[in-house]
Amino acid sequence: MNFSEIIQNFRDFEQVAKPILIKFGIFLLFILLSFLVGRYTPLLVRLLLRQFFPQQLTTVYEKLIYPIRNLFKLAGTLILISFSLNWIKEYQLVYNFINPFIDLAVIISLAWLVSRLFRQFLLVYGIDLLRKFGREVDELLLVFETLANVIIGFFAVLAFAKNRFDLVGLVTGLGIAGVAVAFASQKTLEQLLGTIVLYLDRPFVPGEYIRLQRSQQIPEGLFGRVESIGLRSTKIRTAAKSTLFIVPNSILANLEIENITRGKKVMVLLYIDFLKFLEEREQALVQQVIANSTNSLFGIDPGSE
């Protein structure tokens with residue numbers, strides 16, 4: 001190979017490689033710009049809020065957007081990087097290798113952002129809203145947040161699977177596997193549904209005294225104070241033994257529950273026998289002892305003796 005052939009081969013290589021290098025150079029430049037512009041995603045969101053909510057701009061931004069501004073920056077940067085891939089789309093080998101990872105990162109960041117945004121919305125507005133309706137907010141927010149995360153995760157999986165997997169075959173496979181999973185998790189699903197029923201119907205709230213009638217699950221019945229309502233079960237402190245009784249929510253949803261605390265008045269007759277007739281001063285002393293002994297008991301009207 002002489003010198004002229006070497007020069008010719010170099011020129012041929014330059015003609016082929018130059019467009020590729022230009023494309024990848026522009027791609028790398030857009031990647032750099034994505035990191036720079038992505039940092040201003042919260043500012044872009046603020047400008048959008050100004051268009052739709054000019055009056056509530058400061059309140060909405062400070063309470064909802066600002067606390068999770070780093071997630072907005074991350075999601076905005078990844079979205080811009082995803083757009084930058086269009087510069088190398090014609091190079092299928094490189095594009096097909098990088099694109100699934102970028103798409104996965106974008107979907108995860110968006111799902112995480114929506115989840116945190118929903119949680120922030122519950123903390124800012126959900127607590128006041130539930131209190132206006134007279135609802136307890138301790139674990140009800142946890143139920144809403146859990147259900148929302150499950151829905152967000154489901155749609156995130158569908159978004160990533162689109163155009164990459166056979167969704168019909170995937171759903172069919174999940175349907176077949178779902179039958180087996182349904183049998184295995186039947187009790188868990190019943191408990192979750194029971195929890196939803198308890199939170200919607202609210203037959204009792206933590207701090208109230210309730211009585212459970214005798215049933216197959218609770219042969220002796222139960223009377224006590226509700227300490228907490230969890231995602232799976234409810235904790236009840238018994239009145240006499242002061243032991244903690246944990247009842248699955250699926251059972252409580254199907255039992256007759258008597259709420260003692262919400263009763264207007266409970267009549268209790270107390271008979272005390274004495275060997276002799278008490279004088280007026282002695283009767284007053286007995287009444288005073290009974291009143292002092294029952295002051296610490298919940299629900300007794302001091303003026304009803």
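Arginine 262 counts as partly exposed, because its relative accessibility is 45%. Here buried means under 20% relative accessible area, exposed means over 50%, and partly exposed lies in between (1.4 Å probe, protein chains only). Before going further, please note that this is a predicted model, in which local features need pLDDT of at least 70 and side-chain atom pairs count only at pLDDT 80 or more, while totals for chains, interfaces and linings use all residues. Residues are numbered from 1 along each chain as its sequence is written, and side-chain values use heavy atoms, with hydrogens and water left out.

Which side chain meets that of arginine 262 in a salt bridge? The partner is glutamate 208, with an N to O distance of 3.0 Å; a salt bridge is a side-chain nitrogen of Lys or Arg within 4 Å of a carboxyl oxygen of Asp or Glu. This pair links distant parts of the chain, 54 residues apart: arginine 262 sits in the loop between E5 and helix H10 (280-294), and glutamate 208 in the loop between helix H8 (186-201) and strand E1 (209-212). Helices (H or I, at least four residues) and strands (E, at least two) are DSSP runs, numbered from the N terminus. Glutamate 208 counts as buried because its relative accessible area is 10%.

A search of the whole structure finds 3 salt bridges. Another of them joins the side chains of glutamate 258 and arginine 211, at 3.1 Å from N to O. Glutamate 258 belongs to strand E5 and arginine 211 to strand E1, so this pair ties together parts that are 47 residues apart in sequence. Glutamate 258 is partly exposed at 33% relative accessible area, and arginine 211 is partly exposed at 32%.

There is also a salt bridge between the side chains of glutamate 227 and arginine 237 (2.9 Å, N to O). Glutamate 227 is in strand E2 (residues 222-229) and arginine 237 in strand E3 (residues 233-238), 10 residues apart. Glutamate 227 is partly exposed, with a relative accessible area of 34%, and arginine 237 is partly exposed at 27%.

Is asparagine 259 buried or exposed? With 16% relative accessibility, asparagine 259 counts as buried. It is found in strand E5 (residues 257-259).

The side chain of asparagine 259 reaches the backbone oxygen of proline 203 at 2.9 Å. A polar atom of that side chain also lies 3.2 Å from the backbone nitrogen of threonine 261. Leaving out residues up to four places away in sequence, asparagine 259 touches Pro203, Phe204, Glu208, Tyr209 and Ile210; contact means heavy atoms within 4.5 Å.

## The nonpolar cores

In soluble globular proteins, nonpolar side chains tend to be buried together. A nonpolar core is a set of buried Ala, Val, Leu, Ile, Met, Phe, Trp, Tyr and Cys residues joined through side-chain atoms within 4.5 Å. Of the 14 residues in the largest nonpolar core, Phe204 and Leu212 touch the most other members. H8, E1 and E2 each supply at least two residues of this core, and E2 gives the most, with 3 residues.

Among the residues that phenylalanine 204 touches, not counting those up to four places away in sequence, are Leu198, Val226, Leu252, Asn259 and Arg262. A second, separate core of 12 residues includes Val45, Tyr61, Ile65 and Phe72.

## Leucine 110 in helix H5

Leucine 110 is found in helix H5, and it counts as partly exposed at 34% relative accessibility. Beyond residues up to four places away in sequence, leucine 110 touches Ala75 and Ile79.

## The whole protein

How many helices and strands does the protein have? There are 10 helices and 5 strands. Buried residues make up 28% of the 305 residues. Among contacts with a separation of 6 or more, 59% are between residues 24 or more positions apart.

How values were computed: Polar contact = N/O pair within 3.5 Å; in protein donor to acceptor, adjacent residues only side chain to side chain.
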